Amino acid sequence: MRIMLLVLYTILGAVGAAAQVASAEDPWDVLLVGGRLVDGTGNPWRFADVALRGDRIAAIAPPGLLSRENAREVVDVRGLVVAPGFIDLNGQSDERYLEDGSALSKTFQGVTTEIMGESNTPAPVNGRTLGWVNPADPVAVRRSSEWRRFGAWLEEMEAGAVAVNVGSFLGGTTVRRYAMGAALGAPSTAELDTMRAVTARAMEDGAFGVATALIYPPGAYAGTEELVEIARVVAQYGGVYITHLRSESNRILQAIDEAADIGERAGVPVEIYHLKAAGVENWGLTEEIVARIESARARGVDVGAAMYPYTAASTSLTACFPPWSQADDRLFPNLRDPDARARMREEMLGPPSDWENWCRLATPEGSIVSTVSRPEHLPLIGRTLEEVALTLGSADWVEAAMDLVLRDGSNVGMIYFAMSEDAVRRNLTLPWIKFGTDGAGWNPTGGGGQPHPRAYGTYPRILGHYVRDEGVLRLEDAIRKASSAVADRIGLRERGTVRPGYFADLVVLDLGAVEERATYERPHQLAEGVVHLFVNGRAVIRDGVATEARPGRFLRGPGATSLTPPN
(Lines give C-alpha, C1' and ligand atoms only; values in the text may rest on other atoms or scores of the structure.)
Protein backbone atom coordinates (compact mmCIF):
# COMPACT_ATOMS: atom_id res chain seq x y z
CA MET A 1 0.00 0.00 0.00
CA ARG A 2 2.79 2.39 0.93
CA ILE A 3 4.58 1.75 -2.36
CA MET A 4 1.36 2.38 -4.30
CA LEU A 5 0.86 5.69 -2.52
CA LEU A 6 4.44 6.74 -3.30
CA VAL A 7 3.98 5.91 -6.97
CA LEU A 8 0.68 7.85 -7.06
CA TYR A 9 2.29 10.80 -5.33
CA THR A 10 5.15 10.84 -7.83
CA ILE A 11 2.78 10.73 -10.82
CA LEU A 12 0.50 13.44 -9.43
CA GLY A 13 3.52 15.60 -8.63
CA ALA A 14 4.85 15.22 -12.16
CA VAL A 15 1.45 16.03 -13.66
CA GLY A 16 1.08 19.06 -11.41
CA ALA A 17 4.54 20.32 -12.31
CA ALA A 18 3.84 19.75 -15.99
CA ALA A 19 0.53 21.58 -15.81
CA GLN A 20 2.13 24.47 -13.99
CA VAL A 21 4.85 24.83 -16.61
CA ALA A 22 2.43 24.24 -19.49
CA SER A 23 0.30 27.14 -18.33
CA ALA A 24 3.25 29.52 -18.24
CA GLU A 25 3.06 32.54 -20.50
CA ASP A 26 6.16 31.71 -22.55
CA PRO A 27 6.30 28.47 -24.54
CA TRP A 28 9.22 26.12 -24.32
CA ASP A 29 11.91 26.60 -26.93
CA VAL A 30 12.65 22.88 -27.25
CA LEU A 31 10.85 19.77 -26.02
CA LEU A 32 12.85 16.53 -26.12
CA VAL A 33 10.40 13.63 -26.13
CA GLY A 34 10.71 9.90 -25.55
CA GLY A 35 14.35 9.67 -24.49
CA ARG A 36 16.01 7.61 -21.78
CA LEU A 37 16.97 10.17 -19.17
CA VAL A 38 20.23 9.56 -17.29
CA ASP A 39 20.14 12.57 -14.99
CA GLY A 40 23.76 12.61 -13.81
CA THR A 41 23.08 11.66 -10.19
CA GLY A 42 23.89 7.99 -10.66
CA ASN A 43 20.24 7.01 -10.36
CA PRO A 44 18.90 4.42 -12.85
CA TRP A 45 17.75 5.77 -16.20
CA ARG A 46 14.07 6.47 -16.78
CA PHE A 47 11.93 7.52 -19.73
CA ALA A 48 11.20 11.24 -19.60
CA ASP A 49 10.46 14.31 -21.69
CA VAL A 50 12.63 17.36 -21.09
CA ALA A 51 11.61 20.95 -21.88
CA LEU A 52 14.06 23.82 -22.39
CA ARG A 53 13.30 27.51 -22.16
CA GLY A 54 16.03 30.06 -22.70
CA ASP A 55 19.23 28.82 -21.07
CA ARG A 56 17.45 26.62 -18.50
CA ILE A 57 15.75 23.27 -18.13
CA ALA A 58 12.10 24.24 -17.70
CA ALA A 59 10.42 20.92 -16.95
CA ILE A 60 10.92 17.15 -16.75
CA ALA A 61 8.06 14.66 -16.76
CA PRO A 62 7.16 11.11 -17.83
CA PRO A 63 6.59 10.78 -21.59
CA GLY A 64 3.45 12.47 -22.86
CA LEU A 65 2.76 14.63 -19.82
CA LEU A 66 4.32 17.79 -21.24
CA SER A 67 2.12 19.41 -23.86
CA ARG A 68 3.69 19.48 -27.30
CA GLU A 69 1.52 22.47 -28.18
CA ASN A 70 3.45 24.49 -25.62
CA ALA A 71 6.76 23.95 -27.45
CA ARG A 72 8.18 25.92 -30.35
CA GLU A 73 10.09 22.82 -31.41
CA VAL A 74 9.56 19.16 -30.56
CA VAL A 75 12.54 16.84 -31.01
CA ASP A 76 11.90 13.09 -31.03
CA VAL A 77 14.72 11.39 -29.12
CA ARG A 78 13.21 7.93 -28.81
CA GLY A 79 15.94 5.29 -28.61
CA LEU A 80 18.47 7.90 -27.46
CA VAL A 81 20.00 8.79 -24.10
CA VAL A 82 19.49 12.30 -22.69
CA ALA A 83 22.16 13.25 -20.14
CA PRO A 84 23.90 16.27 -18.65
CA GLY A 85 26.67 17.62 -20.84
CA PHE A 86 30.08 16.39 -19.77
CA ILE A 87 32.39 18.62 -17.73
CA ASP A 88 36.02 18.10 -18.73
CA LEU A 89 37.96 18.51 -15.49
CA ASN A 90 41.34 18.43 -17.24
CA GLY A 91 41.10 20.58 -20.36
CA GLN A 92 44.20 22.00 -22.02
CA SER A 93 42.77 24.52 -24.46
CA ASP A 94 44.20 27.59 -22.70
CA GLU A 95 44.38 30.21 -25.49
CA ARG A 96 43.22 27.89 -28.30
CA TYR A 97 39.62 29.10 -28.15
CA LEU A 98 40.77 32.65 -28.74
CA GLU A 99 41.74 31.50 -32.23
CA ASP A 100 38.99 28.96 -32.89
CA GLY A 101 36.02 28.67 -30.56
CA SER A 102 34.41 25.70 -32.33
CA ALA A 103 35.81 23.21 -29.78
CA LEU A 104 34.82 20.40 -32.14
CA SER A 105 36.99 17.69 -30.62
CA LYS A 106 35.20 18.33 -27.32
CA THR A 107 31.62 18.91 -28.46
CA PHE A 108 31.50 15.72 -30.52
CA GLN A 109 32.37 13.86 -27.34
CA GLY A 110 29.46 15.46 -25.46
CA VAL A 111 31.51 18.03 -23.55
CA THR A 112 29.66 21.24 -22.68
CA THR A 113 32.14 22.69 -20.16
CA GLU A 114 35.92 22.67 -20.12
CA ILE A 115 37.93 23.38 -16.96
CA MET A 116 41.56 24.32 -17.59
CA GLY A 117 44.56 25.37 -15.54
CA GLU A 118 46.90 22.41 -14.99
CA SER A 119 50.28 23.92 -14.09
CA ASN A 120 50.09 27.11 -16.20
CA THR A 121 47.46 29.71 -16.99
CA PRO A 122 47.84 32.58 -19.48
CA ALA A 123 46.98 35.07 -16.74
CA PRO A 124 47.68 36.84 -14.50
CA VAL A 125 50.78 38.23 -16.12
CA ASN A 126 53.66 40.30 -14.86
CA GLY A 127 57.24 40.77 -15.94
CA ARG A 128 58.32 37.37 -14.61
CA THR A 129 55.58 35.38 -16.36
CA LEU A 130 55.62 37.29 -19.66
CA GLY A 131 59.25 37.49 -20.57
CA TRP A 132 59.94 39.54 -23.68
CA VAL A 133 56.96 41.12 -25.45
CA ASN A 134 57.36 41.98 -29.14
CA PRO A 135 56.44 45.68 -29.40
CA ALA A 136 55.48 45.12 -33.05
CA ASP A 137 52.78 42.65 -32.06
CA PRO A 138 49.74 44.71 -31.00
CA VAL A 139 47.90 41.67 -29.61
CA ALA A 140 50.84 40.69 -27.42
CA VAL A 141 51.24 44.27 -26.22
CA ARG A 142 47.55 44.56 -25.40
CA ARG A 143 47.47 41.27 -23.50
CA SER A 144 50.60 42.17 -21.56
CA SER A 145 48.67 45.09 -20.10
CA GLU A 146 45.12 43.72 -19.99
CA TRP A 147 45.78 40.21 -18.65
CA ARG A 148 46.98 41.41 -15.26
CA ARG A 149 43.84 39.80 -13.79
CA PHE A 150 43.32 36.04 -13.77
CA GLY A 151 39.91 36.19 -15.44
CA ALA A 152 40.91 38.51 -18.29
CA TRP A 153 41.84 35.72 -20.72
CA LEU A 154 38.61 33.81 -20.04
CA GLU A 155 36.53 36.96 -20.46
CA GLU A 156 38.23 37.51 -23.80
CA MET A 157 37.52 33.89 -24.75
CA GLU A 158 33.84 34.33 -23.89
CA ALA A 159 33.58 37.64 -25.75
CA GLY A 160 35.19 36.10 -28.83
CA ALA A 161 32.54 33.35 -28.87
CA VAL A 162 33.20 29.76 -27.86
CA ALA A 163 30.98 26.70 -28.25
CA VAL A 164 31.51 25.34 -24.73
CA ASN A 165 31.55 26.90 -21.29
CA VAL A 166 35.04 27.61 -19.97
CA GLY A 167 36.54 27.95 -16.52
CA SER A 168 39.89 27.37 -14.93
CA PHE A 169 42.01 26.74 -11.91
CA LEU A 170 44.92 29.10 -11.34
CA GLY A 171 48.11 27.45 -12.55
CA GLY A 172 50.44 26.60 -9.68
CA THR A 173 53.46 27.19 -11.89
CA THR A 174 52.02 30.59 -12.78
CA VAL A 175 51.81 31.42 -9.07
CA ARG A 176 55.46 30.57 -8.55
CA ARG A 177 56.64 32.31 -11.71
CA TYR A 178 54.68 35.42 -10.75
CA ALA A 179 56.68 35.68 -7.53
CA MET A 180 60.02 34.02 -8.33
CA GLY A 181 60.41 33.52 -12.06
CA ALA A 182 62.17 30.23 -12.78
CA ALA A 183 64.44 30.30 -9.73
CA LEU A 184 65.26 27.26 -7.65
CA GLY A 185 64.81 27.25 -3.90
CA ALA A 186 62.23 28.19 -1.31
CA PRO A 187 60.47 31.56 -1.55
CA SER A 188 61.39 34.43 0.71
CA THR A 189 58.78 35.84 3.08
CA ALA A 190 57.99 38.58 0.59
CA GLU A 191 57.76 36.14 -2.31
CA LEU A 192 55.42 33.88 -0.35
CA ASP A 193 53.25 36.89 0.46
CA THR A 194 53.09 37.62 -3.27
CA MET A 195 52.01 34.04 -3.94
CA ARG A 196 49.24 34.30 -1.36
CA ALA A 197 48.07 37.63 -2.76
CA VAL A 198 47.97 36.53 -6.41
CA THR A 199 46.09 33.38 -5.38
CA ALA A 200 43.50 35.37 -3.42
CA ARG A 201 42.94 37.78 -6.29
CA ALA A 202 42.51 34.90 -8.74
CA MET A 203 40.00 33.15 -6.47
CA GLU A 204 37.98 36.36 -6.26
CA ASP A 205 38.17 36.61 -10.04
CA GLY A 206 36.69 33.14 -10.53
CA ALA A 207 39.43 30.52 -10.24
CA PHE A 208 38.22 27.14 -8.96
CA GLY A 209 41.41 26.67 -6.95
CA VAL A 210 45.09 26.12 -7.66
CA ALA A 211 46.36 23.42 -10.02
CA THR A 212 49.95 22.25 -9.68
CA ALA A 213 52.05 20.01 -11.91
CA LEU A 214 54.97 18.98 -9.76
CA ILE A 215 57.16 17.32 -12.39
CA TYR A 216 57.51 20.40 -14.62
CA PRO A 217 59.98 23.16 -13.75
CA PRO A 218 59.65 25.69 -12.28
CA GLY A 219 56.49 24.36 -10.61
CA ALA A 220 58.51 21.29 -9.63
CA TYR A 221 60.68 23.50 -7.44
CA ALA A 222 57.81 24.22 -5.04
CA GLY A 223 58.16 22.53 -1.67
CA THR A 224 55.38 21.11 0.47
CA GLU A 225 55.38 24.03 2.93
CA GLU A 226 54.97 26.53 0.09
CA LEU A 227 52.07 24.53 -1.34
CA VAL A 228 50.35 24.30 2.04
CA GLU A 229 50.43 28.09 2.36
CA ILE A 230 48.94 28.58 -1.10
CA ALA A 231 46.31 25.89 -0.45
CA ARG A 232 45.24 27.64 2.75
CA VAL A 233 44.28 30.66 0.67
CA VAL A 234 42.34 28.40 -1.71
CA ALA A 235 40.47 26.92 1.26
CA GLN A 236 39.34 30.36 2.41
CA TYR A 237 37.45 30.76 -0.87
CA GLY A 238 35.90 27.29 -0.98
CA GLY A 239 38.25 26.10 -3.73
CA VAL A 240 40.10 22.88 -4.53
CA TYR A 241 43.79 22.00 -4.61
CA ILE A 242 44.25 19.85 -7.72
CA THR A 243 47.58 18.34 -8.66
CA HIS A 244 49.62 16.44 -11.18
CA LEU A 245 51.49 14.49 -8.52
CA ARG A 246 55.20 14.92 -7.92
CA SER A 247 55.58 11.36 -9.13
CA GLU A 248 53.30 9.04 -11.07
CA SER A 249 55.83 6.23 -11.09
CA ASN A 250 58.49 5.03 -8.65
CA ARG A 251 57.57 7.47 -5.87
CA ILE A 252 53.83 7.70 -6.44
CA LEU A 253 52.89 6.50 -2.95
CA GLN A 254 54.99 9.23 -1.38
CA ALA A 255 53.48 11.74 -3.83
CA ILE A 256 49.96 10.75 -2.79
CA ASP A 257 50.96 11.15 0.83
CA GLU A 258 52.27 14.65 0.08
CA ALA A 259 49.02 15.65 -1.65
CA ALA A 260 46.95 14.31 1.24
CA ASP A 261 49.22 16.10 3.73
CA ILE A 262 48.69 19.39 1.90
CA GLY A 263 44.94 18.88 1.98
CA GLU A 264 44.88 17.92 5.65
CA ARG A 265 47.04 20.81 6.82
CA ALA A 266 45.38 23.41 4.61
CA GLY A 267 41.83 22.18 5.19
CA VAL A 268 41.20 21.99 1.46
CA PRO A 269 39.77 19.26 -0.81
CA VAL A 270 42.42 17.53 -2.92
CA GLU A 271 42.00 16.21 -6.44
CA ILE A 272 44.61 14.22 -8.35
CA TYR A 273 44.93 14.72 -12.09
CA HIS A 274 45.02 11.68 -14.44
CA LEU A 275 45.62 8.99 -11.82
CA LYS A 276 48.04 6.37 -13.13
CA ALA A 277 51.04 4.19 -12.30
CA ALA A 278 53.61 4.72 -15.06
CA GLY A 279 56.34 2.26 -15.96
CA VAL A 280 55.88 -1.50 -16.10
CA GLU A 281 57.79 -1.93 -12.83
CA ASN A 282 55.07 0.12 -11.10
CA TRP A 283 51.97 -1.56 -12.51
CA GLY A 284 51.73 -3.78 -9.49
CA LEU A 285 51.17 -0.71 -7.29
CA THR A 286 47.61 -0.14 -8.51
CA GLU A 287 45.84 -1.62 -5.48
CA GLU A 288 48.27 0.02 -3.09
CA ILE A 289 47.59 3.38 -4.75
CA VAL A 290 43.86 2.89 -4.28
CA ALA A 291 44.41 1.81 -0.67
CA ARG A 292 46.59 4.86 0.04
CA ILE A 293 43.89 7.25 -1.22
CA GLU A 294 41.11 5.41 0.62
CA SER A 295 43.18 5.39 3.81
CA ALA A 296 43.47 9.19 3.60
CA ARG A 297 39.73 9.44 3.03
CA ALA A 298 39.06 7.15 6.00
CA ARG A 299 40.91 9.54 8.31
CA GLY A 300 38.90 12.49 7.01
CA VAL A 301 41.04 13.90 4.20
CA ASP A 302 38.88 14.74 1.17
CA VAL A 303 40.94 13.20 -1.65
CA GLY A 304 39.62 12.24 -5.07
CA ALA A 305 41.04 11.78 -8.56
CA ALA A 306 40.39 12.09 -12.28
CA MET A 307 41.55 9.94 -15.18
CA TYR A 308 41.54 9.41 -18.94
CA PRO A 309 40.97 5.89 -20.36
CA TYR A 310 44.24 5.26 -22.19
CA THR A 311 47.51 3.42 -21.54
CA ALA A 312 49.65 6.18 -23.07
CA ALA A 313 50.43 9.56 -21.57
CA SER A 314 51.30 12.72 -23.45
CA THR A 315 53.62 15.49 -22.41
CA SER A 316 56.81 17.14 -23.59
CA LEU A 317 60.18 15.61 -24.38
CA THR A 318 61.66 17.82 -21.65
CA ALA A 319 59.89 15.52 -19.16
CA CYS A 320 62.89 13.24 -19.76
CA PHE A 321 65.36 15.89 -18.53
CA PRO A 322 66.37 16.45 -14.89
CA PRO A 323 64.50 19.45 -13.44
CA TRP A 324 67.63 21.46 -12.64
CA SER A 325 68.37 21.72 -16.37
CA GLN A 326 65.50 24.18 -16.79
CA ALA A 327 66.19 26.38 -13.77
CA ASP A 328 66.35 30.12 -14.48
CA ASP A 329 65.08 29.39 -18.02
CA ARG A 330 68.50 28.03 -19.00
CA LEU A 331 67.38 24.83 -20.77
CA PHE A 332 68.73 25.78 -24.19
CA PRO A 333 72.05 27.17 -22.91
CA ASN A 334 72.46 23.94 -20.93
CA LEU A 335 71.76 21.86 -24.04
CA ARG A 336 74.56 23.75 -25.80
CA ASP A 337 76.98 23.28 -22.88
CA PRO A 338 79.03 20.03 -23.10
CA ASP A 339 79.46 19.82 -19.32
CA ALA A 340 75.76 20.36 -18.62
CA ARG A 341 74.84 17.82 -21.32
CA ALA A 342 77.18 15.27 -19.77
CA ARG A 343 75.55 15.77 -16.39
CA MET A 344 72.08 15.52 -17.91
CA ARG A 345 73.04 12.33 -19.72
CA GLU A 346 74.37 10.73 -16.55
CA GLU A 347 71.15 11.43 -14.68
CA MET A 348 68.91 10.38 -17.58
CA LEU A 349 70.63 7.00 -17.75
CA GLY A 350 71.00 6.60 -13.99
CA PRO A 351 68.73 4.71 -11.62
CA PRO A 352 65.32 6.19 -10.70
CA SER A 353 65.66 9.10 -8.27
CA ASP A 354 63.44 11.91 -7.01
CA TRP A 355 62.47 13.07 -10.51
CA GLU A 356 60.54 11.35 -13.28
CA ASN A 357 62.11 10.36 -16.59
CA TRP A 358 59.29 9.56 -18.98
CA CYS A 359 61.62 8.24 -21.68
CA ARG A 360 62.79 5.58 -19.25
CA LEU A 361 59.26 4.83 -18.03
CA ALA A 362 57.93 4.30 -21.55
CA THR A 363 61.26 3.05 -22.96
CA PRO A 364 62.74 4.76 -26.03
CA GLU A 365 60.72 2.38 -28.23
CA GLY A 366 57.49 3.51 -26.53
CA SER A 367 58.29 7.24 -26.72
CA ILE A 368 56.71 8.74 -29.85
CA VAL A 369 57.14 12.27 -31.25
CA SER A 370 53.75 14.01 -31.60
CA THR A 371 54.38 17.73 -32.20
CA VAL A 372 57.32 19.82 -33.37
CA SER A 373 57.82 23.48 -34.21
CA ARG A 374 60.18 23.48 -37.20
CA PRO A 375 58.92 22.33 -40.62
CA GLU A 376 62.03 20.23 -41.28
CA HIS A 377 61.14 18.09 -38.27
CA LEU A 378 57.61 17.25 -39.40
CA PRO A 379 58.76 13.86 -40.81
CA LEU A 380 59.75 12.90 -37.25
CA ILE A 381 56.12 12.93 -36.07
CA GLY A 382 55.08 9.39 -35.28
CA ARG A 383 58.69 8.21 -34.91
CA THR A 384 60.12 6.63 -31.77
CA LEU A 385 63.14 8.10 -30.03
CA GLU A 386 65.19 5.19 -31.35
CA GLU A 387 64.16 6.14 -34.90
CA VAL A 388 64.81 9.83 -34.22
CA ALA A 389 68.36 8.99 -33.16
CA LEU A 390 69.00 7.29 -36.52
CA THR A 391 67.44 10.16 -38.48
CA LEU A 392 69.35 12.91 -36.66
CA GLY A 393 72.59 10.95 -36.51
CA SER A 394 72.58 11.08 -32.72
CA ALA A 395 74.63 8.60 -30.73
CA ASP A 396 71.63 7.14 -28.89
CA TRP A 397 68.15 8.04 -27.59
CA VAL A 398 69.53 10.31 -24.87
CA GLU A 399 71.48 12.40 -27.33
CA ALA A 400 68.51 12.30 -29.72
CA ALA A 401 66.22 13.77 -27.05
CA MET A 402 68.63 16.60 -26.31
CA ASP A 403 69.43 17.21 -29.98
CA LEU A 404 65.79 17.36 -31.05
CA VAL A 405 64.72 19.82 -28.34
CA LEU A 406 67.71 22.04 -29.10
CA ARG A 407 67.29 21.96 -32.86
CA ASP A 408 63.51 22.40 -32.72
CA GLY A 409 63.69 25.26 -30.24
CA SER A 410 60.68 23.87 -28.38
CA ASN A 411 59.74 21.37 -25.69
CA VAL A 412 58.63 18.89 -28.43
CA GLY A 413 55.36 17.04 -27.80
CA MET A 414 55.52 13.31 -27.09
CA ILE A 415 53.27 10.31 -26.50
CA TYR A 416 54.55 7.80 -23.93
CA PHE A 417 53.19 4.25 -23.75
CA ALA A 418 53.73 3.48 -20.07
CA MET A 419 50.50 2.36 -18.34
CA SER A 420 48.53 -0.83 -17.75
CA GLU A 421 45.13 -1.65 -19.27
CA ASP A 422 44.22 -3.53 -16.10
CA ALA A 423 44.82 -0.37 -14.06
CA VAL A 424 42.64 1.67 -16.43
CA ARG A 425 39.78 -0.77 -15.92
CA ARG A 426 40.24 -0.80 -12.16
CA ASN A 427 40.34 2.97 -11.84
CA LEU A 428 37.19 3.44 -13.91
CA THR A 429 35.19 1.66 -11.20
CA LEU A 430 36.39 3.73 -8.25
CA PRO A 431 33.59 5.77 -6.62
CA TRP A 432 35.70 8.90 -6.20
CA ILE A 433 37.07 8.95 -9.76
CA LYS A 434 36.09 11.58 -12.34
CA PHE A 435 36.93 12.02 -16.00
CA GLY A 436 38.99 14.54 -17.93
CA THR A 437 40.54 14.51 -21.39
CA ASP A 438 43.90 16.13 -20.55
CA GLY A 439 43.58 17.42 -24.10
CA ALA A 440 42.87 20.58 -26.06
CA GLY A 441 39.77 21.50 -28.03
CA TRP A 442 40.82 20.95 -31.64
CA ASN A 443 39.15 21.72 -34.94
CA PRO A 444 40.26 18.81 -37.14
CA THR A 445 40.35 20.98 -40.26
CA GLY A 446 43.13 23.02 -38.70
CA GLY A 447 44.62 20.35 -36.44
CA GLY A 448 48.38 20.10 -36.43
CA GLY A 449 50.85 17.51 -35.27
CA GLN A 450 49.79 14.18 -33.83
CA PRO A 451 48.18 14.87 -30.45
CA HIS A 452 47.01 12.18 -28.08
CA PRO A 453 43.65 10.72 -29.24
CA ARG A 454 42.21 11.47 -25.79
CA ALA A 455 41.52 15.01 -27.02
CA TYR A 456 38.93 13.52 -29.39
CA GLY A 457 37.98 10.22 -27.81
CA THR A 458 37.97 10.18 -24.00
CA TYR A 459 34.21 10.10 -23.35
CA PRO A 460 33.21 7.99 -26.38
CA ARG A 461 35.87 5.47 -25.43
CA ILE A 462 34.46 5.23 -21.90
CA LEU A 463 30.84 5.01 -23.03
CA GLY A 464 31.37 2.85 -26.10
CA HIS A 465 34.19 0.53 -25.16
CA TYR A 466 34.11 0.30 -21.38
CA VAL A 467 30.36 0.75 -20.73
CA ARG A 468 28.54 -0.67 -23.76
CA ASP A 469 31.00 -3.28 -25.03
CA GLU A 470 32.89 -4.40 -21.94
CA GLY A 471 30.48 -3.63 -19.10
CA VAL A 472 33.30 -2.38 -16.88
CA LEU A 473 30.96 0.20 -15.32
CA ARG A 474 27.29 1.16 -15.52
CA LEU A 475 26.12 3.86 -17.91
CA GLU A 476 24.64 5.85 -15.02
CA ASP A 477 27.91 5.71 -13.08
CA ALA A 478 29.97 6.74 -16.09
CA ILE A 479 27.75 9.74 -16.77
CA ARG A 480 27.81 10.77 -13.09
CA LYS A 481 31.62 10.71 -13.15
CA ALA A 482 31.57 12.85 -16.30
CA SER A 483 29.08 15.42 -15.03
CA SER A 484 27.66 15.93 -11.54
CA ALA A 485 30.71 14.47 -9.80
CA VAL A 486 32.85 17.17 -11.41
CA ALA A 487 30.34 19.97 -10.83
CA ASP A 488 29.93 19.03 -7.18
CA ARG A 489 33.67 18.75 -6.69
CA ILE A 490 34.55 22.22 -7.93
CA GLY A 491 31.44 24.03 -6.71
CA LEU A 492 29.91 24.60 -10.13
CA ARG A 493 26.38 25.75 -9.45
CA GLU A 494 23.28 24.48 -11.29
CA ARG A 495 25.16 22.39 -13.81
CA GLY A 496 26.07 18.74 -14.15
CA THR A 497 22.59 17.37 -13.45
CA VAL A 498 19.40 17.29 -15.52
CA ARG A 499 17.03 19.08 -13.15
CA PRO A 500 14.36 21.77 -13.59
CA GLY A 501 15.88 25.20 -13.10
CA TYR A 502 19.40 24.04 -13.94
CA PHE A 503 21.27 25.34 -16.97
CA ALA A 504 20.39 23.49 -20.16
CA ASP A 505 23.74 21.84 -20.85
CA LEU A 506 22.57 18.56 -22.37
CA VAL A 507 23.91 15.78 -24.55
CA VAL A 508 21.67 13.42 -26.52
CA LEU A 509 23.52 10.19 -27.36
CA ASP A 510 22.97 7.19 -29.56
CA LEU A 511 24.63 4.72 -27.21
CA GLY A 512 24.75 2.04 -29.89
CA ALA A 513 26.68 4.35 -32.20
CA VAL A 514 29.02 6.01 -29.69
CA GLU A 515 32.54 5.42 -30.92
CA GLU A 516 35.94 7.04 -30.74
CA ARG A 517 37.45 7.46 -34.20
CA ALA A 518 40.74 9.06 -33.21
CA THR A 519 43.80 6.82 -33.21
CA TYR A 520 47.42 7.43 -32.25
CA GLU A 521 48.30 7.42 -35.95
CA ARG A 522 45.31 9.55 -37.09
CA PRO A 523 44.10 11.51 -34.05
CA HIS A 524 42.25 14.36 -35.79
CA GLN A 525 38.98 12.46 -36.25
CA LEU A 526 35.71 13.46 -34.62
CA ALA A 527 33.92 10.95 -32.42
CA GLU A 528 30.54 9.51 -33.35
CA GLY A 529 27.31 9.06 -31.42
CA VAL A 530 26.43 12.59 -30.23
CA VAL A 531 23.13 13.38 -31.97
CA HIS A 532 22.32 16.69 -30.24
CA LEU A 533 24.29 18.91 -27.88
CA PHE A 534 22.91 21.94 -26.06
CA VAL A 535 25.02 24.55 -24.26
CA ASN A 536 23.04 27.05 -22.22
CA GLY A 537 19.95 25.97 -24.12
CA ARG A 538 21.36 26.54 -27.60
CA ALA A 539 22.09 23.71 -30.01
CA VAL A 540 25.79 23.32 -30.73
CA ILE A 541 25.21 19.99 -32.48
CA ARG A 542 21.90 19.12 -34.18
CA ASP A 543 21.28 15.77 -35.85
CA GLY A 544 24.98 14.96 -35.64
CA VAL A 545 26.08 18.17 -37.38
CA ALA A 546 27.87 21.10 -35.72
CA THR A 547 26.04 24.42 -35.80
CA GLU A 548 27.52 27.90 -35.81
CA ALA A 549 26.26 28.61 -32.27
CA ARG A 550 28.86 29.79 -29.78
CA PRO A 551 26.91 30.09 -26.51
CA GLY A 552 29.72 29.21 -24.09
CA ARG A 553 30.27 31.29 -20.96
CA PHE A 554 33.07 31.95 -18.51
CA LEU A 555 32.07 29.97 -15.41
CA ARG A 556 33.47 31.12 -12.08
CA GLY A 557 34.35 29.29 -8.90
CA PRO A 558 32.59 29.61 -5.54
CA GLY A 559 35.03 32.24 -4.28
CA ALA A 560 34.21 34.77 -7.00
CA THR A 561 33.18 38.15 -5.62
CA SER A 562 29.62 39.44 -5.83
CA LEU A 563 30.75 41.86 -8.53
CA THR A 564 31.43 38.88 -10.80
CA PRO A 565 28.64 38.14 -13.32
CA PRO A 566 26.66 34.97 -12.49
CA ASN A 567 27.26 31.69 -14.33
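This is a predicted model: local features need pLDDT of at least 70, side-chain atom pairs count only at pLDDT 80 or more; totals for chains, interfaces and linings use all residues.
Glu421, Val424, Arg425 and Leu428 in H17 meet Arg461, Ile462, His465 and Tyr466 in H18, where contact means heavy atoms within 4.5 Å. By class, this contact of H17 with H18 has 4 nonpolar, 1 polar and 3 charged residues. Here Ala, Val, Leu, Ile, Met, Phe, Trp, Tyr, Cys and Pro count as nonpolar, Asp, Glu, Lys and Arg as charged, and the others, Gly among them, as polar.

Residues are numbered from 1 along each chain as its sequence is written, and side-chain values use heavy atoms, with hydrogens and water left out. Helices (H or I, at least four residues) and strands (E, at least two) are DSSP runs, numbered from the N terminus.

### How the helices cross

How do H17 and H18 lie to each other? The axes of H17 and helix H18 (residues 454-469) come within 13 Å and cross at roughly 100 degrees, so the two helices are roughly perpendicular to each other. Axes are lines fitted to C-alpha atoms, for helices over the stretch in contact, and angles run from 0 to 180 degrees between N-to-C directions. Angles under 35 degrees count as roughly parallel, over 145 as roughly antiparallel, 65 to 115 as roughly perpendicular and the rest as oblique.

Now look at H9. The axes of helix H8 (residues 189-204) and H9 come within 9 Å, crossing at roughly 30 degrees. That makes H8 roughly parallel to H9. On the H8 side, the contact is made by Leu192, Met195, Arg196, Thr199, Ala200 and Met203, and on the H9 side by Glu226, Glu229, Ile230, Val233 and Val234.

H9 also packs with helix H10 (residues 252-266), at an angle of about 45 degrees and with the axes 8 Å apart. H9 is therefore oblique to H10. Residues of H9 in this contact include Leu227, Val228 and Ala231, and those of H10 include Ile262 and Ala266. By class, the contact of H9 with H10 has 6 nonpolar, 1 polar and 5 charged residues.

### Spaces inside

Rolling a probe the size of a water molecule over the atoms shows where empty space is left. On a 1 Å grid over the protein atoms alone, a cavity is a set of points where a 1.4 Å probe fits but cannot get out, and a pocket is an open set with protein on both sides within 12 Å along at least five of seven lines; lining residues have an atom within 4 Å of a point. Grid points are joined across faces, edges and corners, and a volume is the space filled by probe spheres set on the points. The structure holds 3 cavities of 30 Å³ or more.

| Space | Volume | Lining residues include |
|---|---|---|
| Largest cavity | about 80 Å³ | His274, Met307, Val424 |
| Second largest cavity | about 60 Å³ | Gly172, Glu226, Ile230 |
| Second largest pocket | about 160 Å³ | Glu95, Trp132, Trp147 |

Which helix gives the most to the lining of the largest cavity? Helix H17 (residues 421-428) does, with 3 residues. The lining of the second largest cavity gets at least two residues each from helix H7 (172-180), strand E10 (209-213) and helix H9 (224-236). For the second largest pocket, helix H5 (residues 138-146) gives the most, with 3 residues.
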